[in-house]
Amino acid sequence: MQEQPLAVVLVSGGLDSMVAAARAREDGFRVLALSVDYNQRHQVELAAARRIATALGAVRHVVLPLDLSAFGGSALTADIDVPKDGIGTAEGGGIPVTYVPARNTIFLSLALGWAEAAGARDLYIGVNALDYSGYPDCRPEFIAAFEGLAELATKAGVEGEPFRIHAPLQHLTKADIVREAARLGLDAGMSWSCYDPAPGHLHCGMCDSCRLRAKGFDEAGIDDPTAYAVRP
């Protein structure tokens, strides 16, 4: 029997990346899970990424250290307060300070390098452009452009083996993503979304990411397993 092909999946530890990884597995790929330790404020998400990679039977899980706090420029990597007023989300207009400069470009580049080295031609990322914080590197145009770049920038690409960037959650609402997690039989409680964890291993309940997570469970009509310090 022919072995299933490999796919490199960016697994941050969040709900979206968990569902994207499960979709890769459902699509018939063996998962190479890549998480990046970029010295983010919410280091607890890396523990979630490890749980998720194990639960989904990843062939290998790499946690790659890349200290983006050396650059700063984001509330996730510098001494900048994480907004708690809810106005940073897409509906509020504007890109919030939790945006990490070029993060998905950097992460996909790392995933592309591993994919080419491992002989994989498929990459999965859990970006979403409906219920999200308005980050420019979550948009369909970005994913399409990066796929074109991957063909130009790699030995595999120029030799006629293009890469496919899969963003299976791209056009789903957060409620849709919660429903998809349930359909796939995932334990959403394994995932971590909060940008500014509260004492006691709690989601703060007030940052954009917590608000969007809670909104998704509420709109999906599915019990939220998340422990919040303050209920959104």
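## Helix H7

Helix H7, covering residues 208–220, has 13 residues and reaches 18 Å from its first C-alpha to its last, close to the 18 Å expected at 1.5 Å a residue. The expected span is 1.5 Å times one less than the number of residues in the helix. Helices (H or I, at least four residues) and strands (E, at least two) are DSSP runs, numbered from the N terminus. The model is predicted: local features need pLDDT of at least 70, side-chain atom pairs count only at pLDDT 80 or more, and totals for chains, interfaces and linings use all residues. Residues are numbered from 1 along each chain as its sequence is written, and side-chain values use heavy atoms, with hydrogens and water left out.

The buried residues of H7 are Asp208, Ser209, Cys210, Leu212, Arg213, Ala214, Gly216, Phe217 and Ala220. Here, buried means under 20% relative accessible area, exposed means over 50%, and partly exposed lies in between (1.4 Å probe, protein chains only). These buried residues pack against helix H1 (15–26) and helix H6 (174–183), where contact means heavy atoms within 4.5 Å. After H7 comes Gly221, whose phi is positive, near 70 degrees.

## Cysteines

A disulfide is a covalent bond between the sulfur atoms of two cysteines; the criterion applied is a pair of cysteine sulfur atoms within 2.5 Å. The structure holds zero disulfides. Cys207 is in no disulfide, and its nearest cysteine sulfur, that of Cys210, is 3.7 Å away.

For Cys210, the closest cysteine sulfur is in Cys194, at 3.7 Å, which is too far for a bond. Cys207 counts as buried because its relative accessibility is 0%, and Cys210 likewise counts as buried at 0%.

## Aromatic pairs

The whole structure contains four aromatic pairs. Rings of Phe, Tyr and Trp (its six-membered ring) pair if their centres lie within 6.5 Å; planes under 30 degrees apart count as stacked, over 60 as edge-to-face and the rest as tilted. The pair of Tyr38 and Phe107 is tilted because the planes of the rings stand at 55 degrees, with the centres 5.5 Å apart. Tyr38 lies in the loop between strand S2 (30–37) and helix H2 (44–55), and Phe107 in helix H3 (residues 103–118), so the pair ties together parts that are 69 residues apart in sequence. Tyr38 is buried, at 1% relative accessible area, and Phe107 is buried at 11%.

Tyr99 and Tyr135 form another tilted pair, 6.1 Å centre to centre with 45 degrees between the planes. This pair links distant parts of the chain, 36 residues apart: Tyr99 is in the loop between strand S3 (60–65) and H3, and Tyr135 in the loop between strand S4 (122–124) and helix H4 (140–153). Tyr99 is partly exposed at 24%, whereas Tyr135 is buried at 5%.

## Salt bridges

A search of the whole structure finds 14 salt bridges, each defined as a side-chain nitrogen of Lys or Arg within 4 Å of a carboxyl oxygen of Asp or Glu. One of them joins Lys174 and Asp16, whose closest N and O atoms are 3.0 Å apart. Lys174 is in helix H6 and Asp16 in helix H1, 158 residues apart. Lys174 is buried at 10%, and Asp16 is buried at 15%.

Within helix H1, Glu26 and Arg23 are three residues apart, about one turn of the helix, and form a salt bridge with closest N and O atoms 4.0 Å apart. Arg23 and Glu26 are linked with Glu180 and Arg183 in a network of salt bridges. Lys155 and Glu159 also meet in a salt bridge, at 3.1 Å from N to O, and both residues are exposed.
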